[in-house]
Amino acid sequence: MKKSSLALLLIVVLMMSVVLTACGGKTNTGETPETPGTETPETPQANNGDFLVGLVTDIGGIDDKSFNQGTWEGIERFAKEFGTDKNYLQSEKDSDYIPNLSTFADEQASLIVAPGFLFENAMKETAANFPEQKFLIIDAVVEADNVASAVFAEHEGSFLVGVAAALKTKEAGKDTVGYIGGMDFEAIQKFEAGFEAGVWAVDPNMKVVVEYAGAFDNAQAGQALAAKMYDQGAHVIFHAAGGTGNGLIKEAQDRRINGQDVWAIGVDRDQYEDGIYDGDKSAVLTSMIKKVDVAAYEISKLTLDGKFPGGETYLFDLANEGVGIPAKNPNLSDEIVKAANDYIPQITSGKLEVSPVPSRLK
């Protein structure tokens, strides 16, 4: 496999071409990426209706308000701008992954997208069974010439929301924050590690309560865990739990409606709108954004242009703005936003190293 860790050049989409450089594991940094949705679109190409991008969701579903939904939004944007076809197959259980991937392969989809590390083994098997088929896997690396991989430095982005959570908690005169993970796997542990590191950069004595739900599609479990943690004194809770995290947001909404000062932090996409209650108020303090929509969009465009990057790995991190916090954070003061963002140059320069491993596993 041609394996290189590349920083995806998130440039003004459709105005400039993406530059790919294989460099033996090193990261090449290009122009400052655009925020998703700010690109200047061209007129869609005349007839790309025979170009199909197929998405296979994990068990969280297409409307998980998180990882699957964000990836689908990138595919929808691509299809709209270029006049291509799009479709998705929703997985109800893990055993659906290979059949759903294979269905799109049998249909000879132009690109098949699988969002999430849970697809790793299914992708390896399906890619081997369909060597001429082009695949994109997000959040995992599959070493195959017909698979492009996109990975994220979640611990770096989570550090920023950890700083914001700690400052907001101290502002309220409290000393406890929380984290809810979907499943206790390495990819989700990175969120936990970055979050606690950001919290402790502000106050090393602050308490971080950690819980794992054991699922990405159980909002009821997420709400129950959130209720438990808020009752334990958590002022802000961050989740990396897909659809399970919707339960956290619901619990935060309910408590704020009842006058309790608690907050939720979203993940993968800006979840501010998901936390709306009582007019335009939101229970979501901020979100740790992973630009999965950009990953889906960019690889789709490269594939359409005949430049499918099979065997390549793309790294999205703070350096190329592949992770971070939203440009607008209505529930955070300008001072807190600045304090969080002030850590970015320290991290990107290497002056501050954020461990991807949580303290409980060291």
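This is a predicted model: local features need pLDDT of at least 70, side-chain atom pairs count only at pLDDT 80 or more; totals for chains, interfaces and linings use all residues.
1. Start with the second largest pocket, which has a volume of about 260 Å³. Among the residues that line the second largest pocket are F117, E120, D139, H155, E186, K190 and P356. Strand 6 (147–152), helix 4 (154–171) and helix 5 are the elements that give two or more residues to this lining. Helix 5 gives the most, with three residues.

2. At least three lining residues come from domain 1 (48–152 + 293–316), and at least three from domain 2 (154–290 + 332–361).

3. How many cavities of 30 Å³ or more does a search of the whole structure find? The search finds one. About 190 Å³ of space lies in the largest cavity. There are 19 residues in its lining, and F67, F117, I188, F216 and D268 are the closest to its centre. F117 is also listed in the lining of the second largest pocket.

4. Which elements each supply at least two residues of the lining of the largest cavity? They are helix 1 (67–82), helix 5 and strand 10 (263–268). By class, this lining divides into ten nonpolar, four polar and five charged residues. Domain 1 (48–152 + 293–316) and domain 2 (154–290 + 332–361) each provide at least three residues of the cavity lining.

5. Turn to the aromatic rings. The whole structure holds 14 aromatic pairs. One of them joins F191 and F238. F191 lies in helix 5 (residues 186–202) and F238 in strand 9 (residues 236–240), so the pair ties together parts that are 47 residues apart in sequence.

6. Are F191 and F238 buried or exposed? Buried means under 20% relative accessible area. F191 has 3% relative accessibility, so F191 counts as buried. F238 has 0%, so F238 is buried as well. Both rings also belong to one aromatic cluster, made up of Y179, F191, F195, Y212 and F238.

7. Two arginines deserve a look. The charged end of R77 sits over the ring of Y297, at 4.2 Å from the ring centre. R256 lies over the face of W263, and here the distance to the ring centre is 3.7 Å.

8. I137 is placed in strand 5 (residues 135–138). With 0% relative accessibility, I137 counts as buried. In sequence, I137 and T313 are 176 residues apart. In space, the C-alpha atoms of I137 and T313 are 9.7 Å apart.

9. Last, two backbone angles. D278 is not a glycine, although its phi is positive, about 50°. D278 is in the loop between strand 11 (276–277) and strand 12 (281–282). Its relative accessibility is 55%, so D278 counts as exposed. E321 also has a positive phi, near 60°, and is a residue other than glycine. Find E321 in the loop between strand 14 (313–316) and strand 15 (323–324). At 31% relative accessibility, E321 counts as partly exposed.

Note on methods:
Residues are numbered from 1 along each chain as its sequence is written. Side-chain values use heavy atoms; hydrogens and water are left out. Rings of Phe, Tyr and Trp (its six-membered ring) pair if their centres lie within 6.5 Å; planes under 30 degrees apart count as stacked, over 60 as edge-to-face and the rest as tilted. Helices (H or I, at least four residues) and strands (E, at least two) are DSSP runs, numbered from the N terminus. Buried means under 20% relative accessible area, exposed over 50%, partly exposed in between (1.4 Å probe, protein chains only). A charge sits over a ring if NZ of Lys or CZ of Arg is within 6 Å of the ring centre and within 35 degrees of the ring normal. On a 1 Å grid over the protein atoms alone, a cavity is a set of points where a 1.4 Å probe fits but cannot get out, and a pocket is an open set with protein on both sides within 12 Å along at least five of seven lines; lining residues have an atom within 4 Å of a point. Grid points are joined across faces, edges and corners, and a volume is the space filled by probe spheres set on the points. Ala, Val, Leu, Ile, Met, Phe, Trp, Tyr, Cys and Pro count as nonpolar, Asp, Glu, Lys and Arg as charged, and the others, Gly among them, as polar. Domain bounds come from an automatic or database domain assignment.
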